Amino acid sequence: MLDSLYGNLKDVLNMTWPTLFISLILLVSVRISYLLKHKTDFVLHKEIFLLFFALYILCLFQVVTSQDINTSNGNNFIPFVEILRYKPWGRLFVKNIVGNVVMFLPYGFFVGNYASGKNGLLTIFLVFLASLSIECTQLAIGRVFDVDDIILNVLGGIIGYSLYLVLNNIYNALPKVFKTRGFLDIASIVLLFMVIGAIIVMML
């Protein structure tokens, strides 16, 4: 299963790396220009986190509007039909079931951080709204609408939101030294280079 998941992540990266590269240059340059123009306080760890969110949204947009990779025979409006169609932990199961969950896991995390906080119902609604808009758009552009994708996306969003709550509680319990701006900036830089390193390794 891990090999299939890694292969799918590598395929997504090969598809989206041009978007990542171009968007990174544009977003960083425009954001720095904005901060300099308005003389806004520059908080590095917040800027890096916001950059991750923006790049994730752009890559999500590219993935969900690219050529249809769904192996179903058409639109599905009946819950669990497609979910139960795949052999558990087979290649297609990982690609279409696990992949849809993992794809929305970051969204649930970011929604928790930027929008909903500890309001779980608002998180579920925002994740559902995002997934529904994607499925409706796919239907309009000639791809397929699958209600099971919405179920899996919402599940992924809930997992991501739960991860946000856990990490937020851990952060609140940390000593003050780990909450300082300097420490958070260094930690965010390390995380950024780890992500870049992982991307480079996967592309080799």
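**A close look at helix 4**

Guide: Happy to. Keep in mind that this is a predicted model. Let's start with what helix 4 sits against: its buried residues pack against helix 2 (44-65), helix 3 (91-116) and helix 5 (147-173). Helix 4 itself runs over residues 120-140, so count 21 residues, with 30 Å from first C-alpha to last, close to the 30 Å expected at 1.5 Å a residue.

Now for who is tucked away. Thr123, Val127, Ala130, Ser131, Ile134, Glu135 and Gln138 are the buried ones in helix 4. They span an arc of only 130° around the axis, so they end up on the same side of helix 4.

At the start of helix 4, Asn119 has a side-chain oxygen that comes to within 3.3 Å of the backbone nitrogen of Leu121. Past the other end, just after helix 4, Gly142 adopts a positive phi of about 95°.

Helix 2 gives the second largest pocket the largest share of its lining, 6 residues. Helix 1 (2-38) and helix 6 (181-203) each put in at least two residues as well. The pocket holds about 300 Å³ of space. Of its 15 lining residues, Val28, Arg31, Glu47, Ile48 and Leu51 are the closest to the centre.

Key
Residues numbered from 1 in each chain as written. Predicted model: local features only at pLDDT ≥ 70, side-chain atom pairs only at ≥ 80, totals over all residues. Heavy atoms only, no water. Helix = DSSP H or I, 4+ residues; strand = E, 2+ residues; numbered from the N terminus. Buried < 20%, exposed > 50% of the residue type's maximum accessible area, 1.4 Å probe, protein only. Arc of directions from axis to C-beta. Contact = heavy atoms within 4.5 Å. Polar contact = N/O pair within 3.5 Å; in protein donor to acceptor, adjacent residues only side chain to side chain. 1 Å grid on protein atoms, 1.4 Å probe; cavity = no way out; pocket = protein on both sides within 12 Å on 5 of 7 lines; lining within 4 Å. Points joined across faces, edges and corners; volume = space filled by probe spheres on them.
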